[in-house]
Amino acid sequence: MSDDYIYAVARVRSKELSLLGRQDIDQLMACRGFDECLRVLNDKGWGGGSAASAEGLLAQEEEKTWAFIRELTDDLTPFAVLLFPIDYNNLKAAVKCVVTDVKPQNVFLPGGSIDPQLMARCVRENDFSPLPPAMAAAADEAYHTLLHTGDGQLCDVILDRACLEGILDCGKSSKNELLERYAQLRVAVADIKTAVRACKTGKSRSFIDAALAPCSTLDVGSLAAAACKSPEDIYGYLAVTPYGAAGEKLKDSYSAFEKWCDDQVMDLIKEQKSNPFTVGPLFAYVLARQNEISTVRIILSGKLNELDDGMIRERLRDMYV
Amino acid sequence: MDISSLVFDWDQLGIVFALLGAVLAALLGGIGSAIGVGMTGQAAAGVVTEDPSKFGKVLILQLLPGTQGIYGLLIGFVTLTQIGILGGSADLTLAKGLLYLAACLPMAIVGLVSAKWQAKAAVSSISLVAKKPDQFGKSMIFPAMVETYAVLALLISILSITSIGGLSV
């Protein structure tokens, strides 16, 4: 119900005032070093002054975002599109730890919608019924594949594809245009990345077919066929799809392509700035915060490694505000 | 048996229809305003949660969809006075009763619809004030434009109600 989010959207509008804008990014870029960057971020309220490291600070900010969203709504179903990758990453870790008989330590990502310990128990007991049906089926297949073949990459492919299919389903069932378009973009981008990597590593057609998730804006059959030939064939195929610019960026560099992917997401969510109803602005806020954190990570790592400012700037993402 | 006592006097329904008009004006206008003020109240609370200093500004925006309820009450009150329920004679012909009902409908229907749409405009304006408090003056104008149509409906209802008494129907 669109009216259910009126209070939440109003709070998000106020919170958006504290998002980093282009001027803030310029201020960070003007810092002389890594420590000065951290001081500027602390002055802007990042980390709450308790984070010991840059990664700790960024993790705290991510946690703050989700704590804010949990405060606004009890129902995180519309955000499953963002939580699926964390859940499936944890599932991969659980399957591999159980099969290789290693105790899971520091392998699970925080913030997923399913407790990683529950996943580990499901895999250990070979009973996946406590998991959502689609995830349970993928976990069962991945577990038995890894057990019988010992092929970790095949296990990853099964779970990654299930994750992408889950994202698409989630987008479709949300009945929200933004979520649906985001899910499509996310899956299309993942398919393009997979095709490019598979092409460069010379994977077989059957492997590529298994890895690519069906997507309405891309013909995965044509993409797989192009990936079996050469990167130029991939760019050629992309040129006749809505992702023609992706091919151009890939020709430049992989980091230019990644920046393009993030900028596409920002373009997608920008119209939510004038939407006072629906879950869209909340979703856009989470993505804007993730984009902000990712941009700050780029600056911090650039400053830490004393990279040239020009090199850092060409990787900086468009900002939401 | 007196046959004439079995014939229904349709003019007895005149007052019923007139009262129905008064009730609808107050009821629908009130429902619209309750929904509208409720929606804007949620948005206002959201902004004040993050920044209590904006209370005064968002309160004014919250109250804008509340006027339709007041207009509905006014129409109800004027109608009750005109048809004699609040003192005087309550004798009305069926035709006059229906005329009062028709006269109340603009305020009833426009009150309900405009309050909900004004609330949507006010919620958007509250978002605007949340991000740009200096644009408060402009933010007031957008929902106030919707008010125009509630005022027009109020005007036509009042003019009709106060004129029906002089008609010979």
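Is Gly236(A) buried, exposed or partly exposed, and what is its relative accessibility? In this predicted model, Gly236(A) comes out as partly exposed, at 40% relative accessibility. The glycine sits in helix H12 of chain A, a run covering residues 231–239. Lys273(A) is 37 residues away from Gly236(A) along the chain, and the C-alpha atoms of the two are 35 Å apart.

Thr65(A) belongs to another part of the picture. This threonine is part of helix H4 of chain A, residues 54–72. With a relative accessible area of 3%, Thr65(A) is buried, since anything under 20% gets that label. As for what surrounds the residue, setting aside neighbours within four places in sequence, Thr65(A) has contacts with Tyr285(A), Val286(A) and Arg289(A).

Now for the interface. Between chain A and chain B, 14 residues of chain A touch 15 residues of chain B. Putting the two chains together buries about 1300 Å², and carbon and sulfur atoms account for 65% of that area. On the chain A side, Ile6(A), Tyr7(A) and Ser14(A) together provide 33% of the area that chain A buries against chain B, which is more than any other three residues.

A salt bridge joins the side chains of Glu16(A) and Lys131(B), with an N to O distance of 2.8 Å. Helix H1 of chain A (residues 6–15) contributes 7 residues to the side of chain A that touches chain B, the largest share. By residue class, that side of chain A splits into 7 nonpolar, 6 charged and 1 polar.

That leaves the cysteines. The disulfide count over all chains is 0. Cys228(A), for one, is in no disulfide, and the nearest cysteine sulfur to its own belongs to Cys199(A), 8.2 Å away. In terms of accessibility, Cys228(A) is partly exposed, with a relative accessible area of 37%. Cys104(B), on the other hand, is buried, with a relative accessible area of 1%.

Methods: Residues numbered from 1 in each chain as written. Chains lettered and ligands numbered in written order. Predicted model: local features only at pLDDT ≥ 70, side-chain atom pairs only at ≥ 80, totals over all residues. Heavy atoms only, no water. Contact = heavy atoms within 4.5 Å. Buried area = accessible area lost by both parts, 1.4 Å probe. Salt bridge = Lys/Arg side-chain N within 4 Å of Asp/Glu carboxyl O. Helix = DSSP H or I, 4+ residues; strand = E, 2+ residues; numbered from the N terminus. Nonpolar A, V, L, I, M, F, W, Y, C, P; charged D, E, K, R; others polar. Disulfide = S-S within 2.5 Å. Buried < 20%, exposed > 50% of the residue type's maximum accessible area, 1.4 Å probe, protein only.
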